Structures are given as C-alpha cells and as structure tokens.
Amino acid sequence: MQGHTGCVNSIEFTDDGALLLTGSDDTNICLFETGNWQRLATLTTDHTANIFSAVMVPQTANSQIISCGLDGRTCLTYMRGDGSLASRNVTVETQAIYRANFISSRLVFAKDDPNTAFMSS
C-alpha cells in the first residue's frame, strides 16, 4: 500500500472493518478501503510533527477522526459530504482541539462513549 511520504506510526481498522486508517511522520492520515486496499483519501491535518495515533471517533459513521502525535496536538478531522470517499465528493476540515505539553503517543475512546477519549504520553 502506498500513500505516505514518511514512516507509518499508526494503523487502525474502523469498527465496521470497512476502512483502514494510517497516520505518519508526514503529518497526514490515509484511508484505505479494506475490500481492495485502494487508497480512498490522503487527509491533511493540523499536526506539525509525526502522527502517532489516529482513530475513528465512535458512533460518527466513519466521518470523524481524532489523532495525536509528537507535537502534543490532538486534532479532530471531519469529513462532510455525501459520505462516499470513493466518489471523492467529500469536504475535509481539521482543527487542533487540544495541546499537551508532552508527546502524545496513543488515543483510545471509552467504551460506548464517543465523547470521552484518553491519551497517553
């Protein structure tokens, strides 16, 4: 699979198994379709350094991604549109929602609560 210009530090399947997310030193997130491993999108984020963790926000129909990394930022990336990445009819917005004073290496969500995420250093 191709898509990043830096090493891949994060690889996660969506809960439904339809997509694979990767986060990289290039500060981008790539989305791959698991049926044929086609890259559907390369998403630019607000990260200024390596992404170490990128996961889909639960209960958002695979439309929101949260990521963290070397810069201490936690970024939320929204995909809006007809919901079809394959049709490329999707608008992407990203914003830094938290800035830690340490390297953020991993994100997980509380079980059954898309509003609570935990981050480790």
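Modeller: Let's start with Asn 62, which lies in the loop between E5 and E6. Keep in mind that we're looking at a predicted model.

Colleague: Okay, how do you know whether Asn 62 is buried, partly exposed or exposed?

Modeller: Its relative accessible area is 22%. Buried would need under 20%, and exposed over 50%. The value falls in between, so Asn 62 is called partly exposed.

Colleague: What is the phi of Ala 61, and what is the phi of Asn 62?

Modeller: For Ala 61, phi is near 55°, and that's a positive value in a residue other than glycine. Asn 62 also has a positive phi, near 55°, and isn't glycine either. Most residues other than glycine have a negative phi.

Colleague: Where does a glycine take a positive phi, then?

Modeller: Look at the hairpin of E1 and E2, with 5 residues between the strands: Gly 17 has a phi near 75° there.

Colleague: How do you know that E1 and E2 pair?

Modeller: Pairing takes at least two bridges. Strand E1 (residues 8-13) and strand E2 (residues 19-24) have 5 bridges, so they pair, in the antiparallel sense.

Colleague: Now the cysteines. How many disulfides are there, and why?

Modeller: The search of the whole structure gives 0. Take Cys 68: its closest cysteine sulfur is in Cys 75, at 9.4 Å. A disulfide needs the two sulfurs within 2.5 Å, so this pair is too far apart for a bond.

Colleague: What makes Cys 68 and Cys 75 count as buried or exposed?

Modeller: Cys 68 has a relative accessible area of 0%, and Cys 75 has 0% as well. Buried means under 20%, so both names get that label.

Colleague: Last one: what lines the largest pocket?

Modeller: That pocket has a volume of about 270 Å³, and 16 residues line it. Asp 15, Val 55, Met 56, Pro 58 and Phe 109 lie nearest its centre. E1, E5 (51-56) and E9 (106-110) each supply at least two lining residues, and E9 gives the most, with 5. By type, the lining divides into 8 nonpolar, 2 polar and 6 charged residues.

How values were computed
Residues are numbered from 1 along each chain as its sequence is written. This is a predicted model: local features need pLDDT of at least 70, side-chain atom pairs count only at pLDDT 80 or more; totals for chains, interfaces and linings use all residues. Side-chain values use heavy atoms; hydrogens and water are left out. Helices (H or I, at least four residues) and strands (E, at least two) are DSSP runs, numbered from the N terminus. On a 1 Å grid over the protein atoms alone, a cavity is a set of points where a 1.4 Å probe fits but cannot get out, and a pocket is an open set with protein on both sides within 12 Å along at least five of seven lines; lining residues have an atom within 4 Å of a point. Grid points are joined across faces, edges and corners, and a volume is the space filled by probe spheres set on the points. Ala, Val, Leu, Ile, Met, Phe, Trp, Tyr, Cys and Pro count as nonpolar, Asp, Glu, Lys and Arg as charged, and the others, Gly among them, as polar. Buried means under 20% relative accessible area, exposed over 50%, partly exposed in between (1.4 Å probe, protein chains only).
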